[in-house]
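Dear colleague,

Please find below the structure that I am handing over to you, followed by an account of what was found in it.

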Amino acid sequence: MYHGHPDNLLPFKGRRIAVGVCAGIASYKVCSVVSTLAQAGAEVTVSMTADAQRFVTPLVFQSLSGRPVLTSPWESSEPKDPQHIRAASGLDVALIAPCTMNMLAKLAQGSADCMVSLLAASIDRAKTPLVLAPSMNEVMWRQPATTRNVATLKADGFHVIDPASGWQACRAVGPGRLPEPDALIDLLAAVLRDRPVTG
Ligand SMILES: Cc1cc2nc3c(=O)[nH]c(=O)nc-3n(C[C@H](O)[C@H](O)[C@H](O)COP(=O)(O)O)c2cc1C
């Protein structure tokens, strides 16, 4: 349930939003984000990595979004219309949350070997903002490789949200927490506010 001002949800009405979920412990927070977006009138399509499905089942996201969840590039491909190309077109905004250390590395390299990275690779970022919400243990967040990958991704035009700091599920305290669902909703609303609805 969203606790901010109801007007903050207005930018989502009639929008097409892709949410990619990776195998981070914070994937439970993204359930709430997807529910809020759907209740605000957005058409939300969730995609998941294989490992993400160890944390939350596709059924949860299917129920919350009211739409099929994309779990494999090899499902539902039509001869002239592969699923990932169809799913990547006409989007108003895309969010990958939680974005794992692994996914940051893959996107920085241009890898497209799973449903989430393939969908990200198929999104034209000149038209559709692609927002990454990294979330990981504070040591993983401070790794030089992660710092390098985040810098590369920003230079490549991805929007990278700074993780929050505080208690982590691994019993550490530090930077790397996924921001709370309301904060993610507010950030997405800010990205969409001045953008015309994509047809
Ligand atoms: C219990 C558990 C929690 C994890 N939490 C995170 C996390 O919060 N962030 C992260 O980057 N990796 C985390 N990992 C490691 C990723 O799940 C692992 O690198 C995985 O292969 C990433 O898959 P994906 O990027 O394809 O979703 C966790 C692993 C386990 C076993």
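How are H1 and H8 oriented to each other? Before the reply, two remarks on the basis of what follows. The model is predicted, so local features are given only at pLDDT of at least 70 and side-chain atom pairs only at pLDDT 80 or more, while totals for chains, interfaces and linings use all residues. Residues are numbered from 1 along each chain as its sequence is written.

Helix packing

Helix H1 (27-39) and helix H8 (residues 181-192) pack with their axes 9 Å apart and at an angle of about 45°. H1 and H8 are therefore oblique to each other. Helices (H or I, at least four residues) and strands (E, at least two) are DSSP runs, numbered from the N terminus. Axes are lines fitted to C-alpha atoms, for helices over the stretch in contact, and angles run from 0 to 180 degrees between N-to-C directions. Angles under 35 degrees count as roughly parallel, over 145 as roughly antiparallel, 65 to 115 as roughly perpendicular and the rest as oblique. Of the residues in the contact of H1 with H8, four are nonpolar, two polar and one charged; here Ala, Val, Leu, Ile, Met, Phe, Trp, Tyr, Cys and Pro count as nonpolar, Asp, Glu, Lys and Arg as charged, and the others, Gly among them, as polar.

H1 also packs against H2, at an angle of about 20° and with the axes 8 Å apart. That makes H1 roughly parallel to H2. The contact joins Cys-31, Val-34, Ser-35 and Ala-38 of H1 to Val-60, Phe-61, Leu-64 and Ser-65 of H2. Its residues comprise six nonpolar, two polar and no charged ones.

Helix H4 (residues 101-109) and H7 pack at an angle of about 50°, their axes lying 9 Å apart. That makes H4 oblique to H7, and their crossing is left-handed. Among the residues making the contact are Met-101 and Leu-104 of H4 and Ala-145 and Val-150 of H7.

The buried side of H2

In helix H2 (residues 58-65), the buried residues are Phe-61, Leu-64 and Ser-65. They cover an arc of only 90° around the axis, which puts them on the same side of H2; the arc is that of the directions from the helix axis to the C-beta atoms. A residue is buried if 20 or more other C-beta atoms lie within 10 Å of its own, exposed if 12 or fewer, and partly exposed in between. The buried residues of H2 pack against H1 and strand E2 (43-48). Just after H2, Gly-66 has a positive phi of about 70°.

Individual residues

Ala-87, in helix H3 (residues 83-88), counts as buried, with 22 C-beta neighbours inside 10 Å. Beyond its neighbours within four places in sequence, Ala-87 is in contact with Ala-18, Thr-45, Leu-70 and Leu-119. By contrast, Gln-143, in the loop between helix H6 (138-142) and helix H7 (144-155), counts as partly exposed, with 14 such neighbours. Finally, the peptide bond from Ala-97 to Pro-98 is cis, with omega near -10°, and Pro-98 lies in strand E3 (residues 93-99).

With kind regards

Notes:
Two residues are in contact if their C-beta atoms, placed from the backbone, lie within 7 Å. A crossing is left-handed if the near helix is turned anticlockwise from the far one by less than a right angle, and right-handed if clockwise.
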